[in-house]
Amino acid sequence: MSEYNSSLFLSINNIEVIYDHVILVLKGVSLDVPEGGIVALLGANGAGKTTTLKAVSNVLGVERGDVTKGSISFKGERIDQLNPAELVKRGVVQVMEGRHCFAHLTVEENLLTGAYTRTDGRAAIKASLEKVYDYFPRLRTRRSSIAGYTSGGEQQMTAIGRALMANPTMILLDEPSMGLAPQIVEEIFEIVKDLNSKEKVSFLLAEQNTIVALRYADYGYILENGRVVMDGDAKSLSENEDVKEFYLGLNKTGRKSFRDVKHYRRRKRWLA
Amino acid sequence: MSFFFEVLISGLLAGVMYSLVALGFVLIYKASGVLNFAQGSMVLFAALTFVSLLEKGWNFWAVLVVTLLAMLVLAIVIERVVLRPLVNQPQITLFMATIGVSFFLEGFAQALWGTEVHGLELGIPDKPFEFMGMMISQFDIVAAGLSGVLVASLALFFSKTRIGRALRAVADDHQAALTVGIPLQTIWVIVWSVAGLVALVAGLLWGSRLGVQFSLTLITLKALPVLILGGFTSVPGAIVGGLIIGGSEKLAEVYVGPYVGGAIEDWFPYMFAMLFLLVRPEGLFGEKRIERV
């Protein structure tokens, strides 16, 4: 493996993504995830968070999207031309938005599909399975249920567990809070934090739930219209006046009603 | 009473032959969620290739191996040319593509090997023998045994192996399968190859009974009620569906037929399947649609 700076674990360099040869979605996005870090990718609908993650995991092809400029590297090696299976072998796994469990497979079968690319034998896979069950005790009790009939939270856990079965070093986690009760969201983020500190898995986390994301992440990037408009430590971001105003729904006087927001100000855009 | 059983058994055995064709559909449906319209053409292509090579005086086993290789190459070509560019497209698009494949295969097979009817002799005598006072065809028994083995091994393959699991995963969600590192392309080649193998077995058995000719593609029509009954996604369902269709159509023909002027064998399965759809649209063993509400 070539030499690389640990701060350049996953490095996205000025990428541009075009869908269907015409729709320009990412207009030069650059970001870095350091080894062992949790980096949040924030922004509204259509800002380009999911596209960024899919560009990394290289599943854009099936949606007729294409990375037309820039480069993506992982541990110092270019990965933008690798197919998804090759990427999983190298330790980069995506957990898609909306869970995407295999609905007709049982929870345990779902988890086992995550180990598809592994060649280190049954015993090792069994051990990983136990580890996943230790992180998500709920899944152990539901191991033989059909995944499609489990609750949203359990499906999200299954999806994360399935990614873990590949023994990843980097998980691209897309909108884990989607459609889940706040309590479950907390539970899942706690586990993410745990995985990060104990299993040394780095996370690139796309989230709309800015408050929760900034609480668990070390660093954050804010995307608007396919550009990074702001980045910084999670702490400094959550204290930034603009972020508070536009993403946290707060102002100097504290929480405020949506009615009081001046709409022309809400349309303000930062220029990159 | 012994006459009843004789009719029933001959029907069941014929049903197993329907199951063989239905099995090819199930395989591809399970792995891509698409009804493979080209299954009948694959049966024709396999049987025609086999019989033409055999007529050139080749050794039986050599012909078998070469035909299997041909089906493998066919699977690879279909994946490359048809499926790969259509990944993640709506199922109706893929379905239309299989119609295209079907026309191409029919034309290609006949351009390559000609359109005459070939006789095929597998060396299994099609003579009835007596068993507990009933006359049973030896050929039917062999065909049933072969299908039974095929179905049992495929059912095991789907439920127990890593690749079988991956196949089912792909059927559920292409994109998610990609993200966990399941190589879609490989999976599709595997599944189309296995469907090709099943098509070859079906083609040989049906071909030796009816002669290898264009009308072999039509036996796929009988597979449809079998699929509706057994469920599109179930390997054991294909066999059970085949047994029910085969048995019931023969019994209906013999016992109900005379009252309505006969020849109900041809349409009875479709009526039966239609009524069944009203009661249980996913079939006996098919996967229920899972929807979140």
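Start with the contact between chain A and chain B in this predicted model: select 31 residues from chain A and 27 residues from chain B to show it. The size of an interface is often given as the accessible area lost when the parts come together. Here the area buried between chain A and chain B is about 2,600 Å², and carbon and sulfur atoms give 58% of that area.

Next, pick out Val62(A), His104(A) and Tyr116(A). These residues supply 31% of the area that chain A buries against chain B, more than any other three residues.

Now go to the charged pair. The count between chain A and chain B is one salt bridge. Select Glu109(A) and Arg168(B), which form a salt bridge with their closest N and O atoms 2.8 Å apart. For polar contacts, the rule finds six residue pairs across the interface of chain A and chain B, with both residues at pLDDT 80 or more.

Stay on chain A and colour by secondary structure. On the side that touches chain B, at least two residues come from each of α2 (84–90), β6 (92–95), α3 (107–113) and α6 (152–164) of chain A. Coloured by residue type, that side of chain A divides into 14 nonpolar, eleven polar and six charged residues.

Last, move to the surface of chain B. Select Phe3(B), Val254(B), Tyr255(B), Val256(B), Tyr259(B) and Val260(B): they form a nonpolar patch with about 620 Å² of accessible area together. Then show helix α10 (residues 235–260) of chain B, which gives the largest share of the nonpolar patch, five residues. Tyr259(B) lies in this helix, α10 of chain B.

Note on methods. Residues are numbered from 1 along each chain as its sequence is written. Chains are lettered from A and ligands numbered from 1 in the order in which they are written. This is a predicted model: local features need pLDDT of at least 70, side-chain atom pairs count only at pLDDT 80 or more; totals for chains, interfaces and linings use all residues. Side-chain values use heavy atoms; hydrogens and water are left out. Contact means heavy atoms within 4.5 Å. Buried area is the accessible area (1.4 Å probe) that two parts lose on being put together, summed over both. A salt bridge is a side-chain nitrogen of Lys or Arg within 4 Å of a carboxyl oxygen of Asp or Glu. A polar contact is a pair of N or O atoms within 3.5 Å; within protein, one must be able to donate a hydrogen and the other to accept it, and residues adjacent in sequence count only if both atoms are side-chain atoms. Helices (H or I, at least four residues) and strands (E, at least two) are DSSP runs, numbered from the N terminus. Ala, Val, Leu, Ile, Met, Phe, Trp, Tyr, Cys and Pro count as nonpolar, Asp, Glu, Lys and Arg as charged, and the others, Gly among them, as polar. Patches are made of residues with over 30% relative accessible area and no salt bridge: like charges are joined within 9 Å, nonpolar side chains (Val, Leu, Ile, Met, Phe, Trp, Tyr) within 5 Å. Accessible areas come from the Shrake-Rupley method with a 1.4 Å probe; for residues, only the protein chains shown count as cover.
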